[in-house]
Amino acid sequence: MPRILRPLASLVTASLLLGSCGGGPEPVARVSEEDRVYGAEQHPRLLAEFGGAYAGEEARYVAALGEKMATAAGLQGQCTFTLVNTDVVNAFAVPGCYIYVTRGLFAIVTSEAELASVLGHEVGHIVGAHSRRQEQRSIWRTIGVIAVSLTGSEQLTRLASQAAQYFTLRYSRAQEYDSDALGIRYLEAAGYDPHAAPDMLAALGRQEQFLTATSGRDQASAIPEWASSHPLTENRIARAQGLARKIEPNPDTLPENEAAYLAEVDGLLYADDPEQGFVLGRSFVHPLMRIAFTAPPGFTLTNSPQAIMLTGPRGLRGEFGGGAMPDGRLDRYAEALVRQIVGQGEAQAQVSQALVNGLPAIFVQLSVASRQGTVPISIAAYEGGDGQAYHFAILSPPTEPSLDRVAELFRSFRRLSSDEVARLRPRVIRTVIVAMGDTIDTLAGRMADAHPRELFQLLNGLSRGDRLRPGQRVKIVSWADR
């Protein structure tokens, strides 16, 4: 469960592999000592922000493949590659050649060559020093500081901005093009088919289509801002295909190596991690902390390691989090939360107490003064047991419909029963061999998902009209063993 009663982590440089190529000579691959120090400082903070490192053979596979791509770029032994424990489909890099791939992205590629193209693209951002340039003109330093200066409160800025957008440094189109071109060169140098790069971009296009087709579920499980830096376009895929075609075919080119990748992805955790809780539509349930709440219709929930972010109709937005109660007292937890939100600003507060589903609760209605007018914030803090407290902090327009929705949300917080906890299980990816008579529909019927056919096609790189062949190995999503 995220604990957010602490300063937010430092800025993160993020990208989703969305760009192309500029002309000119290839930049010299180097990592400065200054960048190494910066990356080493940010690494543990970034992992805390985005779910931590995912352990196991999958992580070692990513690190080994990343080192292969770094060597192809002339950065042998100078980069750190990490598989990140979040289901958001993304890859990103920070100065110092710290490169991250999420398990969400690891799940949707279909071969080792495609994964290599992801890593090569991110190495390209390091070689092109794109991360350093973007950090110098980050959104936080230009826009975010203005918001923080109103009250001195980063917490209020987080609420007002829906969190991660101010912590995302975006690459320009030219920088993305450069990284595409460099990544394709590194693919060739490492012995892979350079056409794996446009294939990977096409996979990201299918992911976007999947999110659009299943938005009811996936808007609740994807971080909307830091997961994409530019919209994916057919032009970018076509550009990458053109670059790949210019490379002379090499008879020694490695195969796509689907088998090695499929062996590694078997057993990978899919979707939410039980340690971070599950988003199920408009509900959030945490089997380890035995808590749950349900948002009113019109809300979407975003599960991140630091907080559950909520977006509702008529401009409602906020977050759910938790932490230890100072001296075991709920009132002191609420006071600390209010101080963190208000910062140095002025505020008026109305405080009340009640029982919510048998749990002691404190409600605070804040009116925070800013240069742009009064900011209304509704807070609810609950005693969760074992010295823990949980809270909502919602930015809400002071209209009656909005207040009613906030009150409904606040009343929904509750403890889970033992039976409810027992029924909650994570999901994992399994690889299976297509048998005679198997079709997309029959295998999709084995998927533990609300959109089985769409997800099966996404995970296996299938388009409408494609057929399976006996002996082919494919991915499905199953419930984990108890």
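Which residue in S17 is the bridge partner of Ala-292? The partner is Arg-414. The model is a predicted one, in which local features need pLDDT of at least 70 and side-chain atom pairs count only at pLDDT 80 or more, while totals for chains, interfaces and linings use all residues. Residues are numbered from 1 along each chain as its sequence is written, and side-chain values use heavy atoms, with hydrogens and water left out.

Strand S9 (residues 291-294) and S17 run antiparallel and are joined by two bridges. Strands (E, at least two residues) and helices (H or I, at least four) are DSSP runs numbered from the N terminus, and two strands pair if DSSP finds at least two bridges between them. S9 and S17 belong to an open sheet of four strands, ordered S7-S8-S9-S17, with antiparallel pairing. Strand S7 (278-280) and S17 are the edge strands, each pairing on one side only.

The structure holds 15 aromatic pairs. Rings of Phe, Tyr and Trp (its six-membered ring) pair if their centres lie within 6.5 Å; planes under 30 degrees apart count as stacked, over 60 as edge-to-face and the rest as tilted. The ring centres of Phe-92 and Tyr-100 are 5.1 Å apart and the planes are at 20°, so this pair is stacked. Phe-92 is buried (under 20% relative accessible area, with exposed over 50% and partly exposed in between; 1.4 Å probe, protein chains only). Its relative accessible area is 0%, and Tyr-100 is likewise buried at 0%.

Phe-320 and Phe-413 form a tilted pair, with 5.9 Å centre to centre and 40° between the planes. This pair links distant parts of the chain, 93 residues apart: Phe-320 is in strand S12 (residues 317-324), and Phe-413 is in the loop between helix H14 (400-411) and strand S17 (414-415). Phe-320 is buried, with a relative accessible area of 0%, and Phe-413 also counts as buried at 0%. Ring pairs link both residues into a cluster whose members include Phe-284, Phe-293, Phe-363 and Tyr-382.

Arg-239 lies over the face of Tyr-177, at 4.2 Å from the ring centre; the criterion is NZ of Lys or CZ of Arg within 6 Å of the ring centre and within 35 degrees of the ring normal.

One disulfide is counted, defined as a pair of cysteine sulfur atoms within 2.5 Å. The disulfide joins Cys-79 to Cys-97, with an S to S distance of 2.0 Å. The link is right-handed, with 80° about the S-S bond. Cys-79 lies in the loop between helix H2 (57-72) and strand S2 (80-84), and Cys-97 in the loop between strand S3 (91-94) and strand S4 (98-102), so the pair ties together parts 18 residues apart in sequence. Both cysteines are buried.
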